Amino acid sequence: MYSDQQQIQDQHFVVVTERRDHVQWLNSALGSLGEVVVADEDVAGRVAQLVDATSAALVLVHFDSDQLQKRQCLVEELYQLKPMLGIVAFGDEPNQQLLLALMRMGVRDFIPVGAPAREVEAQVSRILSQKPNFDTEVSGGELYALLCARPGVDSATLAVHMALKLARLAESTRSVLLLDLGIPGGDCLHFLDLKPSYTVFDAIRGVRRFDSQLVNTAFARHKDGLAVLSLPQGLVTSTGINAADAAVLLDALSSYFAHVVVNLGGMPVSELHCQVLKRARHKLVLAEQSVYSVESTRRMLESLSDYCKKVPEMSLVVDRYMRRLGPDAVTMGQMMGLSLGATLPASGLARFKAVNAGYSLYQMAPRDPYIKAMEQLLDDLRFSTSSSPVAGWFKRLIRRGVSTSNPSSELT
């Protein structure tokens with residue numbers, strides 16, 4: 001307890017204001033908690049430099065009706081530079097327009113100018129105590145991103161089984177999370193027989209209160225140890241998740257899980273995709289073996305370029321693949337500008353039974369060709385980041401030889 005209190009009392013606070021009386025008031029109110037540092041420019045880059053130089057706990061930004069738009073731009077740019085940054089607004093008693101603008105920016109706390117020092121100190125202490133308590137002793141988890149242009153159960157099927165396999169391989173001390181952001185919402189839950197009450201929206205609202213206890217108790221758990229965080233079941237429209245909120249959530253989740261599988265199947269392209277792709281080590285695009293699916297995927301990739309400054313390289317996974325039909329997998333990849341990562345067999349009957357029964361293929365048909373192809377894909381992804389390039393090339397060469405000698409596996 002003493003160390004926590006001592007840490008709160010040894011802070012820096014970057015303040016954005018042009019008025020000396022504001023600085024005097026905040027110095028008086030926050031002097032017992034730390035040092036007030038006044039930003040010499042109200043420019044996001046400069047404020048971010050001061051935050052880094054002082055390891056500031058919070059940035060306090062002055063808002064008034066005359067500078068609302070300018071300050072709004074400042075806050076939005078700061079969140080883009082530092083999604084985890086704590087920002088507090090202060091000013092005269094806010095009107096409804098200002099409060100609404102602050103909520104849209106993601107600023108949750110407001111301090112009235114001239115408030116008694118004791119009240120300001122108590123409010124800032126509370127804000128500091130609610131900052132995300134991420135585990136800094138472990139490195140960020142390995143993130144798998146799965147994109148699919150068309151809504152449907154195919155991306156959920158792949159995401160679920162990848163996550164289940166990773167959960168079986170993961171060390172007991174650090175588990176695996178399936179983050180289901182796909183549309184329709186909750187498709188992944190059908191395979192896991194789960195009906196959680198805690199959703200992605202709850203996690204975003206409570207991200208500042210994240211700790212091990214919340215993660216272990218609020219998140220739904222499959223019997224294989226897999227943790228699941230999903231959109232509400234049945235959601236069929238765009239989620240409207242703010243990109244900054246998504247970035248904060250992803251960083252928080254990555255500090256608690258060794259592997260995070262993110263299903264974005266059917267989700268309309270937005271800045272959220274950029275935040276996921278920027279953090280993902282493995283980036284997969286799922287498409288069916290059809291001209292229509294190719295065109296839908298091409299449009300999705302074009303939309304990504306409108307939102308992301310740089311669209312990273314991604315691998316194509318062709319679902320329901322049959323070798324004797326066209327277009328073949330390599331041609332599909334060329335049409336979309338993607339390298340081929342894997343092909344998955346249809347396994348139509350087994351997948352149909354699993355969806356209807358509410359079980360995974362590991363329970364219904366653990367030796368199905370779909371499971372074998374998925375595990376090979378996952379093994380290739382994991383092996384590619386843990387072995388030398390020569391070893392990875394040699395292993396892939398052997399596997400191509402094996403698959404060529406058994407072409408019937410792709411016709412299942």
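Reader: What makes cysteine 274 and cysteine 308 a disulfide?

Author: Their sulfur atoms are 2.0 Å apart, and a disulfide is a pair of cysteine sulfur atoms within 2.5 Å, so the pair qualifies. This is a predicted model, in which local features need pLDDT of at least 70 and side-chain atom pairs count only at pLDDT 80 or more, while totals for chains, interfaces and linings use all residues. Residues are numbered from 1 along each chain as its sequence is written, and side-chain values use heavy atoms, with hydrogens and water left out.

Reader: Why is cysteine 188 called buried, and why is cysteine 73 called partly exposed?

Author: Buried means under 20% relative accessible area, exposed over 50%, and partly exposed in between (1.4 Å probe, protein chains only). Cysteine 188 has 0% relative accessibility and therefore counts as buried, whereas cysteine 73, at 36%, counts as partly exposed.

Reader: How do you know that aspartate 109 forms a salt bridge with arginine 126?

Author: A salt bridge is a side-chain nitrogen of Lys or Arg within 4 Å of a carboxyl oxygen of Asp or Glu, and here the closest N and O atoms are 3.5 Å apart, so aspartate 109 and arginine 126 meet the criterion.

Reader: What makes aspartate 109 buried, and what makes arginine 126 partly exposed?

Author: Aspartate 109 has 16% relative accessibility and so counts as buried, whereas arginine 126, with a relative accessible area of 35%, is partly exposed.
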